[in-house]
Amino acid sequence: MLEVTDIKYIRKEVNEKGCSYSDVARRTNTDVRTVKKYADQETFRPSDKTEKNQPAPVMDPVKPTIDEWLKDDLKKKKKYRRTAKRIWQLLKDDGFAGSERSVRTYVSRRK
């Protein structure tokens with residue numbers, strides 16, 4: 001996908017200055033069909049990526065526990081707070097079957 005500045009340049013050259021699709025395609029090193037696609041759009045809005053709300057069968061049971069630990073850690077000095085790795089180790093000791101990466105991702109989103 002092209003950057004927003006490239007798309008604006010294409011739209012300006014074709015729609016305002018009246019340059020041909022092939023001429024603009026040569027100048028921007030893009031395909032003629034790509035230039036035509038962006039020049040003919042009524043409005044240009046970059047697509048917003050939406051997150052899917054998929055169920056997390058491994059993480060869902062431990063999310064309240066992690067949230068509680070993170071809330072408690074806010075009261076402690078920074079040196080004594082739990083890291084994501086330490087949270088994973090504590091969960092693993094209690095029988096958690098998930099990966100460290102899933103815990104790290106959840107903790108980073110919550111912080």
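Which residues have the most contacts inside the largest nonpolar core?

**Before you start**

This is a predicted model, where local features need pLDDT of at least 70 and side-chain atom pairs count only at pLDDT 80 or more, while totals for chains, interfaces and linings use all residues. Residues are numbered from 1 along each chain as its sequence is written, and side-chain values use heavy atoms, with hydrogens and water left out.

**Stop 1: the largest core**

Select Met 59, Ile 66, Ile 87, Leu 91, Phe 96, Val 103 and Val 107: these have the most contacts inside the largest nonpolar core, which has 13 residues. A nonpolar core is a set of buried Ala, Val, Leu, Ile, Met, Phe, Trp, Tyr and Cys residues joined through side-chain atoms within 4.5 Å. Buried means under 20% relative accessible area, exposed means over 50%, and partly exposed lies in between (1.4 Å probe, protein chains only).

Now colour helix 4 (63-73), helix 5 (84-93) and helix 6 (100-110), the elements that give two or more residues to this core. Helix 5 gives the most, with four residues. Helices are DSSP runs (H or I, at least four residues), numbered from the N terminus.

Click on Leu 91 next. Leaving aside neighbours within four places in sequence, Leu 91 is in contact with Val 62, Ile 66, Trp 69, Phe 96 and Val 103. Contact means heavy atoms within 4.5 Å.

A second, separate core has nine residues, including Val 24, Ala 25, Tyr 38 and Ala 39.

**Stop 2: Thr 65**

Pick Thr 65, which sits in helix 4. Thr 65 counts as partly exposed, at 30% relative accessibility. Draw a distance from its C-alpha to that of Leu 91: they are 9.2 Å apart in space and 26 residues apart in sequence.

**Stop 3: helix 1 and helix 2**

Show helix 1 (residues 4-16) and helix 2 (residues 21-28), whose axes come within 10 Å and cross at roughly 150 degrees. Axes are lines fitted to C-alpha atoms, for helices over the stretch in contact, and angles run from 0 to 180 degrees between N-to-C directions. Helix 1 and helix 2 are therefore roughly antiparallel to each other. (Angles under 35 degrees count as roughly parallel, over 145 as roughly antiparallel, 65 to 115 as roughly perpendicular and the rest as oblique.)

Select Tyr 9, Ile 10, Glu 13 and Val 14 in helix 1, which meet Tyr 21, Val 24, Arg 27 and Thr 28 in helix 2.

**Stop 4: bring in helix 3**

From helix 2, Tyr 21, Ser 22, Val 24, Ala 25 and Thr 28 meet Val 32, Val 35, Lys 36 and Ala 39 of helix 3.

How do helix 1 and helix 3 pack, and at what angle? Their axes are 9 Å apart, at an angle of about 80 degrees. That makes helix 1 roughly perpendicular to helix 3. Select Ile 7, Ile 10, Arg 11, Val 14 and Asn 15 of helix 1, together with Val 35, Tyr 38 and Ala 39 of helix 3, to see the contact.

**Last stop: Thr 34**

Finish on Thr 34, in helix 3. Thr 34 is partly exposed, with a relative accessible area of 25%. The C-alpha atoms of Thr 34 and Leu 2 are separated by 9.2 Å, though the two are 32 residues apart along the chain.
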